[in-house]
Amino acid sequence: MKQQANLIRAGQVIEHEGRRWTVLKQQIITPGKGGAFIQVEMRDLKTGNKTNERWRTADTVERLMTEEKEYTYSYMDGDNVVLMDPETFEQTLIPLGLLGDQAPFLQDNMTLVINLVEGDPVGVQLPAQVTLEIVEADPVVKGQTASSSYKPAKLSNGVKTMVPPFIEAGERVVIRTEDASYVERAKG
């Protein structure tokens, strides 16, 4: 299906130069002189290589229609993620590379939405937020006001994030899976 380049959004799958790409980020840039263009960061579905491409906003690109299907995360098998179909209980393998930076946020029995093009997995959507424990948190610097800045902390999955000064090691916090940012203290 043809669509204008300025309608490209993260998560879509497009065909470009005979290959399938999943869109990671897009940004419309309006230079001082000349027409606007769209800059797209995308990953090759076969090789996992990333590239940046620019199109004029009026250009058209071939968007592939994706089907969404829910799976439950079971376990890791080498470089593959083993998922289970909650309806048929069949197991499916997808390459870990499809998760990109979100891979550390996988949790047992987590429900994932897999985007499929003609039955092939092309993208993975994790829940928007997960609850994790802080294993390391820098001490608060005296004189630092609560509103001024966040401090570095390490999550139980090994990912580093920034948290407010009042968060201590051992506390459970809600983290956004998209960018590993702090949302709030976990309730209960």
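This is a predicted model: local features need pLDDT of at least 70, side-chain atom pairs count only at pLDDT 80 or more; totals for chains, interfaces and linings use all residues.
Side-chain values use heavy atoms, without hydrogens and water, and residues are numbered from 1 along each chain as its sequence is written.

The chain is assigned domain 1 (2-63), domain 2 (67-125) and domain 3 (129-185); the bounds come from an automatic or database domain assignment. The C-alpha centres of domain 2 and domain 3 lie 27 Å apart. Their contact (heavy atoms within 4.5 Å) takes 5 residues from domain 2 and 10 residues from domain 3. About 570 Å² is buried between domain 2 and domain 3, with 65% from carbon and sulfur atoms. Buried area is the accessible area (1.4 Å probe) that two parts lose on being put together, summed over both.

Now the strands. They are DSSP runs (E, at least two residues), numbered from the N terminus, and two of them pair if DSSP finds at least two bridges between them. S2 (residues 13-16) and S3 (residues 19-29) run antiparallel, joined by 4 bridges. His-16 has Arg-19 in S3 as its bridge partner. The hairpin of S2 and S3 has 2 residues between the strands, and there Glu-17 takes a positive phi near 55°. S2 also runs antiparallel to S6 (residues 60-64), through 3 bridges. Glu-15 stands opposite Glu-62 in S6.
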